[in-house]
Amino acid sequence: MNKDNQTTTTDKPSNDRRTNHLGFSRDMIMRSIKDYSDDQKSAILWLFTVAKKSDWKLTDIEAAVGYSTTTWHKLFRGRFEGNVNNVCKAIKSYRRLHEEREAAVAPDFIKTSLTKRIWDACDYSLITQSVVFLWGENQIGKTEALEEYQRTHNHGQTILVRLPANCSTLLVAKEIAKEIGLTANGTFGLIRERIFDSLDHKNTLICDEMHQALLTNGKGGSIKVLEFIREIHDRTKCGLVLCGTNVWRDGVNKGEHRKMLGQLRNRGIAHIQLEDRPKKIDLRKFWKFYGLDDPEGKALSIVNDLVAEFGLGKFVKFLQAGARLAAKREETPSWEHFITAFRTLARFSK
């Protein structure tokens, strides 16, 4: 056994917070492992991302993966002189277990034809290191598909950021920094450079709710946000997916910002218009999940009206409400439970 994998008296986790605390940022890790192979970098960055998101200390990494806190401290600081291949094997072994556990407790996700289009677009962006534009109506499942893509694809390499309301370049930079494991403290210039140092051609940056950049900033502020996002792609060569509603589409293609957004728009090899409403074949996947046959009569009418007016989101919520009602009554789910849930909410609304 490699001596680094043994806990000796001198290797025991220190109570000193400076030693045990995971006080590293992604750009520090990138510099520390710059001479490692791509496979080794990928393994170490994956572990670092999991540790950051889980708010782990070095002792938590030791408990999960093995090796001492001293080993991890040296590795993350670029001072490790042991066999990094063995460390990466241990990381990969833990990653398999971690992903199995995560899959077991993950919320139910039903893959639709829309999901496939969005996932294919994200894959294409990474492979070609290009910009992909996605746009579509609210409540069709865009965000859920992107979140599931991040969860199941290249953990630590797929960066998903939701643009905040009333966003500015500083707010967007902070959101990206937090997502990739950087401190969000400091000036915009400092955070910007650390983001550049933390991403490369093996990453995909996905920005959701892109229409927020057009809605709340005024012309000058909007351009600054979008140019900053473009600069990230240009400097790091990462894949870039820009997703938003049709307001985002119109702003890029024919809005007041169109001319000034020319550089960003022209980098977009793929401009993908998503369907406004889910297809019946996809809706069927959801009701089949709850053990329901195809709806008829009143149930079919409610389904059609819900989907036409509100898209997928509210329809799924009523399916879930019907299933909960059936469980409460200790009955097999049926469309009657769905109708009852719908009528109950309708009464509340009045």
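Biologist: Which residues of helix α3 are called buried?

Modeller: In α3, the buried ones are Gln-40, Lys-41, Ala-43, Ile-44, Leu-45, Trp-46, Leu-47, Phe-48, Thr-49, Val-50 and Ala-51. Buried means under 20% relative accessible area, exposed over 50%, and partly exposed in between (1.4 Å probe, protein chains only). This is a predicted model, where local features need pLDDT of at least 70 and side-chain atom pairs count only at pLDDT 80 or more, while totals for chains, interfaces and linings use all residues. Residues are numbered from 1 along each chain as its sequence is written, and side-chain values use heavy atoms, with hydrogens and water left out.

Biologist: How do you know that the span of α3 agrees with its number of residues?

Modeller: Helix α3 covers residues 38–53, and its 16 residues should span 22 Å at 1.5 Å a residue. The expected span is 1.5 Å times one less than the number of residues. The end C-alpha atoms of α3 are 22 Å apart, so the two agree. Just after α3, Asp-55 takes a positive phi of about 55°.

Biologist: What makes a stretch a helix or a strand, and how many of each does the protein have?

Modeller: Both are DSSP runs numbered from the N terminus: helices are H or I with at least four residues, strands are E with at least two. The protein comes to 18 helices and five strands. Of its 350 residues, 50% count as buried.

Biologist: Why are α16 and α17 called oblique to each other?

Modeller: Helix α16 (residues 297–310) and helix α17 (residues 312–328) pack at an angle of about 140°, with their axes 7 Å apart. Angles under 35 degrees count as roughly parallel, over 145 as roughly antiparallel, 65 to 115 as roughly perpendicular and the rest as oblique. The pair α16 and α17 is therefore oblique. On the α16 side, the contact (heavy atoms within 4.5 Å) is made by Val-303, Leu-306, Val-307 and Phe-310, and on the α17 side by Leu-312, Gly-313, Lys-314, Phe-315 and Phe-318.

Biologist: Now a strand. Why is Thr-204 called buried?

Modeller: Thr-204 lies in strand β3 (residues 204–208). Its relative accessibility is 1%, so Thr-204 counts as buried. Residues that Thr-204 touches include Cys-122, Ser-125 and Leu-126. The C-alpha atoms of Thr-204 and Leu-160 are 8.3 Å apart, although 44 residues separate the two along the chain.

Biologist: How do you know that Leu-242 is buried?

Modeller: Leu-242, in strand β4 (residues 239–244), has a relative accessible area of 0%, so it is buried. Leaving aside neighbours within four places in sequence, Leu-242 is in contact with residues including Val-131, Phe-133, Cys-207 and Leu-264.

Biologist: Last one. Is Glu-209 buried or exposed, and is Glu-330 buried or exposed?

Modeller: Glu-209 sits in the loop between β3 and α11 (212–215), and its relative accessible area of 13% means that Glu-209 is buried. Glu-330 sits in the loop between α17 and α18 (335–349), and at 74% relative accessibility it counts as exposed. Glu-209 has a positive phi of about 60° although it is not a glycine. Glu-330, not a glycine either, has a positive phi of about 55°.

Technical notes:
Axes fitted to C-alpha atoms, helices over the stretch in contact; angles between N-to-C directions.
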